Amino acid sequence: MHISIEEIKTLLDRAVEARGFSYSPYSHYMVGAALLTKNGEIITGCNVENAAYGPSNCAERTAFFTGVSKGLREFRAIAIAGGKRNGESDFAYPCGVCRQVMAEFCDPDSFYIIVGKSREDYRVHTLRELLPESFGAANLKV
Ligand code: THU
């Protein structure tokens, strides 16, 4: 695996910190994400909900779109921390839409998705494990 335990713990800490900014007055489900670039920069994001529901954005996409809008396109890993506002933390797996956004920018076998209940209790997956047989730019090549 090309990510160290130390990097995983740092990312989990940053995801938990970002979760604190979650704007989730409708679902009360709070999510934070910390995205690591190939240069070692960490971009964070939280879920941002909306009274019209549809415009809501997941934490993972907030982090990706923040990174891409700063000119960053090469990523190594993302850590996600989530759960109900007053409940235990979940293993907060990314939704299908966020997995598809990851596939746009990340290598399926070397991009790691870390879902953590705590710094000690986490799981690490490759993007390919969570989004097998994906549709992507290669399908549109003429
Ligand atoms: N949510 C995320 O932020 N990431 C996910 O991958 C799953 C769901 C958010 C969206 C919404 O604000 C709340 O969790 C409940 O669906």
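Which residues form a nonpolar patch on the surface? The patch is made of Tyr23, Tyr26, Val48 and Tyr53, which together have about 420 Å² of accessible area. The model described here is a predicted one.

**Ligand shell**

- Eleven positions are listed around the ligand: Ser27, Tyr29, Val31, Asn47, Glu49, Cys58, Ala59, Glu60, Tyr93, Pro94 and Cys95.
- Sorted by class, this shell holds seven nonpolar residues, two polar ones and two charged ones.

- In glutamate 49, a polar side-chain atom is 2.5 Å from an oxygen atom of the ligand.
- In glutamate 60, an N or O atom of the side chain lies 2.7 Å from a ligand oxygen atom.
- Cysteine 95 takes part through its backbone: a polar atom there is 2.9 Å from an oxygen atom of the ligand.
- On its own the ligand has 380 Å² of accessible area, and the protein covers 76% of this.
- Two elements each give two or more residues to the shell around the ligand, namely strand 1 (29-37) and helix 2 (59-68).

**Residues of the surface patch**

- Tyrosine 23 sits in the loop that runs between helix 1 (5-19) and strand 1. Its relative accessibility is 43%, so tyrosine 23 counts as partly exposed, because that class lies between 20% and 50%.
- Tyrosine 26 is also placed in the loop between helix 1 and strand 1. With 36% relative accessibility, tyrosine 26 is therefore classed as partly exposed.
- The C-alpha atom of tyrosine 26 is 7.9 Å from that of asparagine 50, and the two residues are 24 positions apart along the chain.
- Tyrosine 53 belongs to the loop between strand 2 (42-46) and helix 2. Its relative accessible area is 58%, so tyrosine 53 is exposed, as the cut-off for that class is over 50%.

**Positive phi angles**

- Histidine 28 has a phi near 60 degrees, which is a positive value in a residue other than glycine.
- The place of histidine 28 is the loop between helix 1 and strand 1. Its relative accessible area is 39%, so histidine 28 is partly exposed.
- Tyrosine 53, named above as part of the patch, is not a glycine either, and its phi is positive at about 60 degrees.

How values were computed
Residues numbered from 1 in each chain as written. Predicted model: local features only at pLDDT ≥ 70, side-chain atom pairs only at ≥ 80, totals over all residues. Heavy atoms only, no water. Near = heavy atom within 4 Å. Polar contact = N/O pair within 3.5 Å; in protein donor to acceptor, adjacent residues only side chain to side chain. Areas by Shrake-Rupley, 256 points an atom, 1.4 Å probe, with all protein chains shown as cover. Helix = DSSP H or I, 4+ residues; strand = E, 2+ residues; numbered from the N terminus. Nonpolar A, V, L, I, M, F, W, Y, C, P; charged D, E, K, R; others polar. Patch = residues over 30% accessible without salt bridge, like charges linked within 9 Å, V, L, I, M, F, W, Y side chains within 5 Å. Salt bridge = Lys/Arg side-chain N within 4 Å of Asp/Glu carboxyl O. Buried < 20%, exposed > 50% of the residue type's maximum accessible area, 1.4 Å probe, protein only.
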